Amino acid sequence: MTEVTAGPALSPGVAGESALRVCKRPGCGNPVPRSGRGRIRLFCGDACSRRFHNAGRPAAGGVAVSSEQAGDPLGALAALIGQAGSLITLARGQVAALDPEVVAVQLAEAEAARRRAEARAVTAEARAAEAEQEMVAALETAEAADRGREAAEGEARRACEAAAQARRELAEAIAGAHADVEAARARASRQVAEAAETAETARADRDRTGERAAALVHAAEAELARARQAEAGACDQVRQARDDAARERDALAEQYRARLEAAGHLAAAERDRAVRAEQLLDAEREHHHRLLAVLATAAGGGDDRTAPARAPAPAARRPRAGATARDTP
């Protein structure tokens with residue numbers, strides 16, 4: 001019996017090197033990393049590679065049938081049965097790898113990888129165009145900077161000429177300033193002498209003014225003392241006048257209060273007299289009406305005419321509230 005070989009690799013027509021490969025070990029399904037150069041990788045890692053070869057090792061160990069087993073058909077059958085399990089597992093793995101759904105998934109992944117590569121290519125072209133535009137802009141900026149440098153050199157030359165002219169003008173100004181300083185020193189010397197004389201005169205005037213100010217201060221202090229005395233007297237007079245006015249105000253208030261009470265009493269007496277007079281008048285009026293009724297009855301005899309209705313007696317007059325106020329003096 002010959003050695004069991006590995007399953008066929010994916011053909012470039014199914015999934016090329018640019019497509020995403022799946023691990024060769026049955027049941028793994030992990031993607032295989034890309035290989036830079038050399039052989040194409042079939043497993044996702046060393047662990048899957050070892051497991052795949054260990055699974056096929058028992059069949060490989062019983063590949064060569066010894067002469068004793070060749071003479072014993074049962075021994076050869078046992079060896080073939082031992083190899084059948086590993087061959088079935090390997091066949092299942094190959095069938096799973098060639099499943100249409102798996103192949104469709106691999107093709108879809110390959111198409112997605114192609115589209116991503118195209119997108120990266122488009123992005124790279126756009127970046128290259130941007131880089132070219134940036135390079136053109138940089139060249140234009142460099143040309144503008146060169147023109148600016150030439151303009152700056154011209155400005156620098158003009159500035160140097162202006163600085164030389166300024167130096168000359170400054171030297172002339174310094175010379176004129178020295179002359180002005182000498183003249184100012186002479187004027188300052190004269191002004192110092194005049195100021196010394198003026199200070200001496202001012203000192204004498206200050207002494208005389210101080211003496212006069214001292215005399216004025218003494219006179220002002222005397223006037224202030226007199227004014228304070230006058231203020232104290234005026235305060236006493238004002239206090240006395242305020243006390244007198246308070247006493248007079250209290251006396252007048254007491255007098256007015258007594259007058260108001262007397263006027264109130266008089267008003268009450270007058271009101272009582274008026275009430276009594278009205279009561280007497282009502283009584284007289286009632287008596288007069290009774291007499292008139294008797295006379296009318298006597299004069300009429302058997303006349304059935306009714307006597308005229310007596311007018312109601314007027315109500316007693318009440319004194320007005322303002323009478324007391326008017327009666328007060």
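Student: Where do D205 and R208 lie, and how many residues apart are they?

Tutor: In this predicted model, D205 and R208 both belong to helix α4, where they stand 3 residues apart, which is about one turn of the helix.

Student: Which bond-like feature does D205 form with R208, and how far apart are the closest N and O atoms?

Tutor: The general idea is that side chains of opposite charge can pair when their charged atoms come close. In this structure D205 forms a salt bridge with R208, and the closest N and O atoms are 2.0 Å apart.

Student: Is D205 buried or exposed, or does it fall in between?

Tutor: D205 has a relative accessibility of 33%, so D205 counts as partly exposed, and R208, with a relative accessible area of 41%, is partly exposed as well. The reasoning rests on two cut-offs, because buried means under 20% and exposed means over 50%, with partly exposed in between.

Student: How many salt bridges does the structure hold?

Tutor: The structure holds 15 salt bridges, and two further examples show how to read such a pair. R203 forms a salt bridge with E200, with 2.5 Å between the closest N and O atoms; R203 and E200 both lie in helix α4, 3 residues apart, or about one turn of the helix. R203 is partly exposed at a relative accessible area of 38%, and E200 is partly exposed at 47%.

Student: What is the other example, and which residue forms a salt bridge with R149?

Tutor: The partner of R149 is E153, and the closest N and O atoms of this salt bridge are 2.8 Å apart. Both residues lie in helix α4, which covers residues 100-300, and they are 4 residues apart, about one turn of the helix. R149 has a relative accessible area of 43% and is partly exposed, while E153, at 37% relative accessibility, also counts as partly exposed.

Student: Let us turn to the cysteines. How many disulfides does the count come to?

Tutor: The general idea is that a disulfide is a covalent bond between the sulfur atoms of two cysteines. In this structure the count comes to 0 disulfides.

Student: Where does C28 lie, and which residues is C28 in contact with beyond its neighbours within four places in sequence?

Tutor: C28 lies in the loop between β1, residues 21-22, and β2, residues 31-32. Leaving aside those neighbours, C28 is in contact with C23, C44 and C48. With a relative accessible area of 16%, C28 is buried.

Student: How many aromatic pairs are there, and what are the ring planes like?

Tutor: The count comes to 1 aromatic pair. The rings of F43 and F52 have centres 5.4 Å apart and planes at 50 degrees, so the pair is tilted. F43 counts as buried at 12% relative accessibility, and F52 is buried with a relative accessible area of 14%.

Student: To finish, how many helices and strands does the chain have, and how many residues count as buried in percent?

Tutor: The secondary structure comes to 5 helices and 2 strands, and from the N terminus on the elements run β-β-α-α-α-α-α. Of the 329 residues of the chain, 9% count as buried, and the accessible surface comes to about 25800 Å², of which 59% belongs to carbon and sulfur atoms.

Key:
Residues numbered from 1 in each chain as written. Predicted model: local features only at pLDDT ≥ 70, side-chain atom pairs only at ≥ 80, totals over all residues. Heavy atoms only, no water. Buried < 20%, exposed > 50% of the residue type's maximum accessible area, 1.4 Å probe, protein only. Contact = heavy atoms within 4.5 Å. Areas by Shrake-Rupley, 256 points an atom, 1.4 Å probe, with all protein chains shown as cover. Phe/Tyr/Trp six-rings, centres within 6.5 Å; stacked < 30°, edge-to-face > 60°. Salt bridge = Lys/Arg side-chain N within 4 Å of Asp/Glu carboxyl O. Disulfide = S-S within 2.5 Å.
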